[in-house]
Amino acid sequence: MPLAVQLSILWSLLLLGAFWLVSHPAFQLPTIGQGAAVTLTITVALFVRLFANWLLPVGAIYDIASYQIIGELVLANTDIYTSERAIFRYPYLPLHMYWSAFALWWSNMSGIDFVRLVRLLPIIADVAIVGVLLIAKPALPAFAQRFRIAFMYALNPLPVFVAAYHGQFDALPAVCLLVAAIWLCDRPTLSGLALGAGILAKSWPVLGVPVLLAQSRAWRHRITLLFGMLLVPLIGVIVYAWLFQANPVRVVQTAMGYNRGIGIWGYTYAFRLWQDLTGDKAVMHWIIANGRWFTLGALAIVWWMRARHEAPVAGIATTLVSFFACTHAFAIQYLIWPVAFALLASDIQWLRRYTLAAYLYMVTAYSMLILDTTIIKLLPQPFGDHLIIVLGLPAWVVCVAWLAARWQRPLLRPIPYNVPATPPARDIG
């Protein structure tokens with residue numbers, strides 16, 4: 001294993017220890033002014049991620065190659081949704097592709113490694129989540145609480161793995177969904193546009209739509225939310241179709257048809273194991289074709305019986321945890337989705353358990369397969385692949401238990417936030 005990967009794993013372990021320390025109920029952050037607290041937290045978040053980006057000269061082997069291919073196609077004014085080079089490489093609506101192209105152009109002009117440049121957008125988006133947590137006054141009025149959870153997020157190793165090691169950009173839709181949830185009642189227009197931007201980046205923020213609609217205070221707010229949610233992706237698709245002479249239907253179908261990562265997480269591993277032991281592929285093929293209906297059905301039940309009765313941030317946290325407990329399809333970068341929402345929902349003890357279990361899975365997968373394949377090549381196959389999946393099962397079990405714990409909590413009166421009758425005074429927190 002290259003030395004840079006070893007040092008990066010050591011850095012992630014130090015972050016895990018730091019997060020475990022600051023998230024302990026007995027830990028107290030220093031009492032400082034709001035301006036100093038904001039500066040300190042943002043600085044720590046930037047340093048933690050930029051140092052990891054500098055330390056690690058490689059990213060996810062497959063995904064970084066995909067970004068480079070996509071960047072080349074965009075710079076060549078080629079439709080990526082019909083190019084044979086881009087098959088399975090870009091199952092998203094047209095947004096991140098422009099960053100891939102810019103990062104590739106920047107790399108060619110400056111000589112700086114493409115991987116370090118293309119990871120800057122996920123890093124910036126991840127630090128933006130820290131900033132949003134610091135100013136999330138509608139959801140968490142006390143600045144001291146916001147300072148604490150933002151500092152926890154800054155040090156949590158899971159987002160650092162995804163943004164600064166992997167180079168995946170799930171922090172971008174995550175910050176958009178976070179903004180949509182926090183300012184749902186105060187600023188419904190901003191909420192709708194932020195939700196639409198998140199969906200344009202990646203489709204998974206639609207998981208939060210039922211909760212946000214249920215917690216909107218008036219029909220005009222719901223219409224505003226839906227309008228913004230549809231408007232931004234629509235503009236994105238139209239602009240792309242115009243620039244690249246592409247079929248907009250093909251663009252949308254590609255994003256909606258993504259259905260990979262089956263058999264590597266949760267209950268679907270049992271079907272993968274059955275297939276590998278017996279050679280019988282029929283059951284696995286059935287799960288691939290129909291598993292999404294089980295996932296959607298489970299999410300619908302959770303929404304109807306639980307999530308729609310919770311405040312927006314808490315309802316989305318419940319929805320995301322239930323997704324991990326029930327999903328048929330999975331990718332490792334998904335693991336950052338619930339982190340910020342769990343912090344805002346004050347579900348810190350379960351987040352500590354989740355972080356520990358997810359870290360075990362992520363550090364194994366990144367060190368053995370995603371960043372470097374030295375170790376897995378030394379292992380007999382398919383033992384190596386199964387080892388990584390098995391080490392992910394504790395994270396899934398924690399998600400199942402976490403969902404059960406959230407389900408058993410008494411439901412409070414379904415008021416989204418304690419919104420004041422008059423506009424709040426300006427406050428940097």
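**Helix packing and buried residues in a predicted model**

Colleague: At what angle do helix 18 and helix 20 pack, and how far apart are their axes?

Modeller: In this predicted model, helix 18 spans residues 348-370 and helix 20 spans residues 383-408. The two helices pack at an angle of about 165 degrees, and their axes are 9 Å apart.

Colleague: Is helix 18 roughly parallel or roughly antiparallel to helix 20?

Modeller: The angle between helix 18 and helix 20 is about 165 degrees. Angles over 145 degrees count as roughly antiparallel. Helix 18 is therefore, relative to helix 20, roughly antiparallel.

Colleague: How do the residues of the contact of helix 18 with helix 20 divide by class?

Modeller: The crossing of these two helices is left-handed. Helix 18 contributes residues including Trp-350, Arg-353, Tyr-354, Tyr-361 and Met-368, and helix 20 contributes residues including Gly-384, Leu-391, Pro-394, Cys-399 and Trp-402. By class, the residues of this contact comprise one charged, three polar and 20 nonpolar.

Colleague: Is helix 1 roughly parallel or roughly antiparallel to helix 7?

Modeller: Helix 1 covers residues 3-22 and helix 7 covers residues 143-155. Their axes come within 8 Å and cross at roughly 165 degrees. Because angles over 145 degrees are classed in this way, the arrangement of helix 1 relative to helix 7 is roughly antiparallel.

Colleague: Which residues of helix 7 make the contact with helix 1?

Modeller: Helix 1 passes helix 7 in a left-handed crossing. From helix 1, the contact is made by Leu-15, Ala-18, Phe-19 and Val-22; from helix 7, by Arg-148, Phe-151, Met-152 and Leu-155.

Colleague: How many nonpolar residues does the contact of helix 1 with helix 7 have?

Modeller: The contact of helix 1 with helix 7 has one charged residue and no polar ones. The nonpolar residues in this contact number seven.

Colleague: Are helix 2 and helix 7 roughly parallel or roughly antiparallel to each other?

Modeller: Helix 2 (residues 34-55) and helix 7 have axes that come within 9 Å and cross at roughly 10 degrees. The cut-off for this class is an angle under 35 degrees. Helix 2 and helix 7 are therefore roughly parallel.

Colleague: How many nonpolar residues are in the contact of helix 2 with helix 7?

Modeller: Helix 2 supplies residues including Gln-34, Thr-41, Val-44 and Arg-49, and helix 7 supplies residues including Phe-143, Phe-147, Phe-151 and Tyr-153. Two residues of the contact are polar and one is charged, while the nonpolar count is 13.

Colleague: With which side chains does the side chain of Gln-168 make polar contacts of 3.2 Å and 2.7 Å?

Modeller: Gln-168 lies in the loop between helix 8 (157-166) and helix 9 (171-182). With a relative accessible area of 1%, Gln-168 is buried. Its contacts beyond four places in sequence include Tyr-67, Tyr-92, Pro-122 and Gln-333. The side chain of Gln-168 makes the 3.2 Å polar contact with Asp-63, and the 2.7 Å polar contact is with Lys-202.

Colleague: What separates the C-alpha atoms of Pro-94 and Val-251?

Modeller: Pro-94 lies in the loop between helix 3 (61-75) and helix 4 (96-110), and at 1% relative accessibility Pro-94 counts as buried. Among its contacts beyond four places in sequence are Tyr-81, Leu-200, Tyr-240 and Val-251. Pro-94 and Val-251 are 157 residues apart along the chain, and the separation of their C-alpha atoms is 8.0 Å.

Colleague: Is the peptide bond from Gln-381 to Pro-382 cis or trans?

Modeller: Pro-382 is placed in the loop between helix 19 (374-378) and helix 20. Omega of the bond from Gln-381 to Pro-382 is near 10 degrees, and the bond is cis.

Colleague: Is Gln-245 buried or exposed?

Modeller: Gln-245 lies in the loop between helix 12 (219-244) and helix 13 (248-256). Phi of Gln-245 is near 50 degrees, a positive value in a residue other than glycine. Because its relative accessibility is 68%, Gln-245 counts as exposed.

Definitions and conventions: Residues numbered from 1 in each chain as written. Predicted model: local features only at pLDDT ≥ 70, side-chain atom pairs only at ≥ 80, totals over all residues. Heavy atoms only, no water. Axes fitted to C-alpha atoms, helices over the stretch in contact; angles between N-to-C directions. Helix = DSSP H or I, 4+ residues; strand = E, 2+ residues; numbered from the N terminus. Parallel < 35°, antiparallel > 145°, perpendicular 65-115°, else oblique. Left-handed = near helix turned anticlockwise from the far one by under 90°. Contact = heavy atoms within 4.5 Å. Nonpolar A, V, L, I, M, F, W, Y, C, P; charged D, E, K, R; others polar. Buried < 20%, exposed > 50% of the residue type's maximum accessible area, 1.4 Å probe, protein only. Polar contact = N/O pair within 3.5 Å; in protein donor to acceptor, adjacent residues only side chain to side chain.
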